[in-house]
Amino acid sequence: MGSMDDRMLVARLHRRAGFGLDAAGLVEAAGRGPAAEAARLARPSEAGLAEPTDPFDGVDLTFVKGEVRQRLAMASERWLGRMVDSPRPGLERLAWFWHGHFVAAAPKVKSPAMLADLVRVVWAKGAGPLADLVRAVSVDAAMLLYLDGSGSTKDEPNENYGRELMELFTLGRTAGYTEADVQAAARALTGYRVTGERSGVARVAFDARRHDDSRRTLLGLGGVHDVDTVVRAVTGHPACATHIAGKLARAVLGPGVDAAVVARLAEEFRTGGLDVGGLWAAVLAELAAGTDGGAVVLAPVPWLASAERATGVRLDAKVSQAGLLAAGQVPFVAPNVGGWPSGEAWFSSATVVARFNLAVALGAATPASAPLAVALAGADAAGLGDALGLGAPLGADTLRAVRAVPGAAGRIAVALTSPEFVLA
């Protein structure tokens, strides 16, 4: 089964870089050990783990007036199911990270199919070379619509995407880019147009007559005139490796991760040709070795996926999607281009109440024979901690709170909303 320390590290790996474990999964993973489990999460193909199926296949995500919200909810529920069931949870968690990083969202993007296609981009390219991912995102239909790249011409260039590409997506606010850089990027990215949003069949066309092909300097790189040279300029800037490595490290290793750790990861990322898969593996190896920058607050979506894994229950789609909406996090509907908040923002009263209501629904649906329900009946600190996939005993305060509640459903709700489960 592995030592207690190994179980804690393995559980932390899956809670921060996957979607948690049930009791049996924790035993198996702990038996492999933290280092092996980190490698398995980061590079599942090398472990022979199967490719997950595309949950959007066969789902009608075309635009129909008055049905966009329902169709997005259906796509959201399908993706949540993949998070819970995927044989490759590490790469699924990485894709979720990118979903909150390269943001294009409803209601500005009206087509559920186009939003699903952007998720497919991060599934396909999210663990490969960063330049390939950035290029694909830059000419993606949903992104072109969301940040006004569609219809940007040499006569009227739109600066929105060029600005966010540097400020949020690749370099960070303090990288020292200028307004001239924003303008140069905007002109180099002109000429694209998206059609078919309401049919659901994305068509991205490039019109050379509407494109400004003049050579400019962007971030010190001369000759920039198209999407490829823009991507080369931003990913070649020294701030890029630091920005991406730092954001990913804080998401997994904790918000207070040591600056020296981030610097080391960024340098390895840079010298490795900005290979995201290599960075992901390095971050997970740090976590497996015990590097910890403080607790990570599970946002509503990864929390719900982890709770469904722990209980073995899939909530009714209407219940789960309404609960996520009340909690403030639904796939495809990020509040702004900066994505969702993190940390203590998820302790608002609305989110806490919504999370508890979801936990109550999970508790009510969990069979009495389920391992978690059995463990809760005994309310043993160590057994309950393992049943929740924590790899450590529940704290005394939480254990008292669990024991004070009559009935398995209520006990499950208390356990799933305890600090031990919400803080990974």
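Reader: Which side chains meet in the salt bridge at 2.5 Å, N to O?
Author: Arg 314 and Glu 308. This is a predicted model, so the distance is computed from predicted coordinates.

Reader: Is Glu 308 buried or exposed there?
Author: Glu 308 is buried, at 1% relative accessible area. Arg 314 is partly exposed, at 35%.

Reader: How many salt bridges in the whole structure?
Author: A search finds 25. One of them pairs Asp 60 with Arg 71, with the closest N and O atoms 3.1 Å apart.

Reader: Where do Asp 60 and Arg 71 sit?
Author: Asp 60 is in the loop between α3 (34–42) and α4 (68–85). Arg 71 is in helix α4. They are 11 residues apart, and the pair links distant parts of the chain.

Reader: And Arg 71, buried or exposed?
Author: Arg 71 counts as buried, because its relative accessibility is 12% and the cut-off is under 20%. Asp 60 is partly exposed, with 41%.

Reader: What does Arg 187 pair with?
Author: Asp 212, in a salt bridge of 3.0 Å, N to O. Arg 187 lies in helix α10 (residues 179–188), and Asp 212 in the loop between β2 (203–206) and β3 (216–218). The pair therefore ties together parts that are 25 residues apart in sequence.

Reader: Which of those two is partly exposed, and which is buried?
Author: Arg 187 counts as partly exposed, at 24% relative accessibility. Asp 212 counts as buried, at 10%.

Reader: Which residues are linked in a network of salt bridges?
Author: Asp 54, Asp 57, Asp 117 and Arg 120.

Reader: How many of the residues of α14 are buried?
Author: 10 of the 13, so the helix is largely enclosed by the rest of the structure.

Reader: Which ones are they?
Author: The buried residues are Val 276, Gly 277, Leu 279, Trp 280, Ala 282, Val 283, Leu 284, Glu 286, Leu 287 and Ala 288.

Reader: What comes just after α14?
Author: Gly 290, which takes a positive phi of about 105°.

Reader: What does Ala 17 touch?
Author: Setting aside residues up to four places away in sequence, Ala 17 touches Arg 12, Leu 41, Pro 89, Gly 90, Arg 93, Trp 280 and Leu 284. Trp 280 and Leu 284 are among the buried residues of α14.

Reader: Where is Ala 17 itself?
Author: In helix α1 (residues 4–17). Ala 17 is buried, with a relative accessible area of 0%.

Reader: What separates Ala 17 from Ala 350?
Author: Their C-alpha atoms are separated by 26 Å. Along the chain the two residues are 333 residues apart.

Reader: Next pair. At what angle do α20 and α21 pack?
Author: About 160°, with their axes 8 Å apart. Helix α20 is residues 396–403 and helix α21 is residues 408–416. They are therefore roughly antiparallel to each other, as angles over 145 degrees count that way.

Reader: Is the crossing left-handed or right-handed?
Author: The crossing of α20 and α21 is right-handed.

Reader: Which residues meet?
Author: From α20, Ala 401, Val 402 and Arg 403. From α21, Arg 411, Val 414 and Ala 415.

Note on methods
Residues are numbered from 1 along each chain as its sequence is written. This is a predicted model: local features need pLDDT of at least 70, side-chain atom pairs count only at pLDDT 80 or more; totals for chains, interfaces and linings use all residues. Side-chain values use heavy atoms; hydrogens and water are left out. A salt bridge is a side-chain nitrogen of Lys or Arg within 4 Å of a carboxyl oxygen of Asp or Glu. Helices (H or I, at least four residues) and strands (E, at least two) are DSSP runs, numbered from the N terminus. Buried means under 20% relative accessible area, exposed over 50%, partly exposed in between (1.4 Å probe, protein chains only). Contact means heavy atoms within 4.5 Å. Axes are lines fitted to C-alpha atoms, for helices over the stretch in contact, and angles run from 0 to 180 degrees between N-to-C directions. Angles under 35 degrees count as roughly parallel, over 145 as roughly antiparallel, 65 to 115 as roughly perpendicular and the rest as oblique. A crossing is left-handed if the near helix is turned anticlockwise from the far one by less than a right angle, and right-handed if clockwise.
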